Amino acid sequence: MRILIAEDDEALAKFVRQGLEGEHYSVDVFPDGEQARTAATEFEYDVVILDLNLPKLDGVSVLRHLRAKKPSVPVLVLTQRTRVEDRVQCLDTGADDYLPKPFSYSELSARIRALLRRSHLPSESVLVVEDLQLDRVEHRAERAGRRIELTSKEFALLEYLMRNAGRQVSRAMIIEHVWNLTFDTTTNVVDVYINYLRRKVDDGHPHKLIHTVRGVGYELSGGGGVPA
């Protein structure tokens, strides 16, 4: 699951980001409304957390733009504005939830899970490839009924591979979607994390799911795929 945070308070954004990454979300933080609007338009996010008092472009304007361009993406407004008029304006503009500051992180996390449950069909919430299952809402991965403990980046990488099951994906595609970076030909971070996943997903199982595609990248498939 990928979450966008639009928040100009650096300390608060760092606090929320660390908490969400600890729950295996992939998180992008933008300190002003223009950057948040551009990113939310160009990339796919499962939830947007939106402050209202943003520099360059206020949160309500970002919300209006999102509702015009991405009407189905869940938006949670997280703001110091506590007036009833502000809540009504945001909800009428299209916000799915409204949480005033200061807030409890556990409540924020619960509200995000509720938004995800409402916005995803059951078939979209749980990805399945043969005996491998990944619950995108509960952040649980299992193979043959056994729990797989994953870091946040390992979870995001496995989610991306499973969403593209049977499809060959390049290192550049993985870097862009999992790390939100431009591919650097000198880095081996993708190969390192693929090896981490292989040890956790494939080791001990006679049938391997993660395959190397020479000259391309990788593929996760349940039908034999390309030999690693």
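The legends below accompany close-up views of a predicted model.

**View 1. Helix α2 and the elements that cover its buried side.**
In helix α2, which spans residues 33-42, the buried residues include Gly33, Ala36, Ala39 and Ala40. These residues cover an arc of only 135° around the axis, which puts them on the same side of α2. An α-helix has 3.6 residues a turn, so residues three or four places apart point the same way. Among the elements that cover the buried residues of α2 are β1 (2-6), β2 (26-30) and α3 (59-69). At the start of the helix, a side-chain oxygen of aspartate 32 comes to within 3.0 Å of the backbone nitrogen of glutamate 34.

**View 2. Aspartate 28 in strand β2.**
Aspartate 28 has a relative accessible area of 8% and is therefore buried, the cut-off being under 20%. The side chain of aspartate 28 is joined to that of tyrosine 45 by a polar contact of 2.7 Å. When neighbours within four places in sequence are left aside, aspartate 28 is in contact with Arg2, Ile3, Leu4, Ile5, Tyr45 and Asn180.

Strand β4 (residues 75-79) and strand β5 (residues 97-100) run parallel and are joined by 4 bridges. Together with helix α4 (residues 84-93), β4 and β5 make a right-handed β-α-β unit. Aspartate 97, placed in strand β5, is the bridge partner of leucine 76. At 14% relative accessibility, aspartate 97 counts as buried. Residues up to four places away in sequence not being counted, aspartate 97 touches Val75, Leu76, Val77, Arg111 and Leu115.

**View 3. The largest nonpolar core and a second, separate one.**
In soluble globular proteins, nonpolar side chains tend to be buried together. The largest nonpolar core of this model has 27 residues, of which Leu132, Leu158, Leu161, Met162, Ile174, Leu197 and Leu220 touch the most other members. Two or more residues of this core come from each of β6 (126-129), β7 (132-135), α7 (152-163), α8 (171-179), α9 (189-201) and β12 (217-220), and α7 gives the most, with 7 residues. Leucine 197, apart from its neighbours within four places in sequence, is in contact with Leu150, Glu154, Leu157, Leu158, Leu161, Asp202 and Ile210.

**View 4. Helix α8 and its buried face.**
The buried residues Ile174, Ile175, Val178 and Trp179 lie in α8. Seen down the axis of α8, its buried residues fall within an arc of 100°, so they line one face of the helix. These buried residues pack against β2, α7, β10 (169-170), α9 and β12.

**View 5. Glycine 217 in strand β12.**
Glycine 217 is buried, its relative accessible area being 0%. Leaving out residues up to four places away in sequence, glycine 217 touches Val169, Ser170, Arg171, His211 and Thr212. Glycine 217 and glutamine 168 are 49 residues apart in sequence, while their C-alpha atoms are 6.8 Å apart in space.

Lysine 101 and proline 102 are joined by a cis peptide bond with omega of about -5°, and proline 102 has its place in the loop between β5 and α5 (105-119). Lysine 56, in the loop between β3 (47-50) and α3, has a positive phi of about 70° although it is not a glycine. With a relative accessible area of 63%, lysine 56 is exposed. Alanine 144 is found in the loop between β8 (140-143) and β9 (146-148) and, although not a glycine, has a positive phi of about 55°. Alanine 144 is partly exposed, with a relative accessible area of 48%.

Methods
Residues are numbered from 1 along each chain as its sequence is written. This is a predicted model: local features need pLDDT of at least 70, side-chain atom pairs count only at pLDDT 80 or more; totals for chains, interfaces and linings use all residues. Side-chain values use heavy atoms; hydrogens and water are left out. Buried means under 20% relative accessible area, exposed over 50%, partly exposed in between (1.4 Å probe, protein chains only). The arc is that of the directions from the helix axis to the C-beta atoms. Contact means heavy atoms within 4.5 Å. A polar contact is a pair of N or O atoms within 3.5 Å; within protein, one must be able to donate a hydrogen and the other to accept it, and residues adjacent in sequence count only if both atoms are side-chain atoms. Two strands pair if DSSP finds at least two bridges between them. A crossover is right-handed if, with the strands pointing away from the viewer, the path from the first strand over the helix to the second runs clockwise. A nonpolar core is a set of buried Ala, Val, Leu, Ile, Met, Phe, Trp, Tyr and Cys residues joined through side-chain atoms within 4.5 Å.
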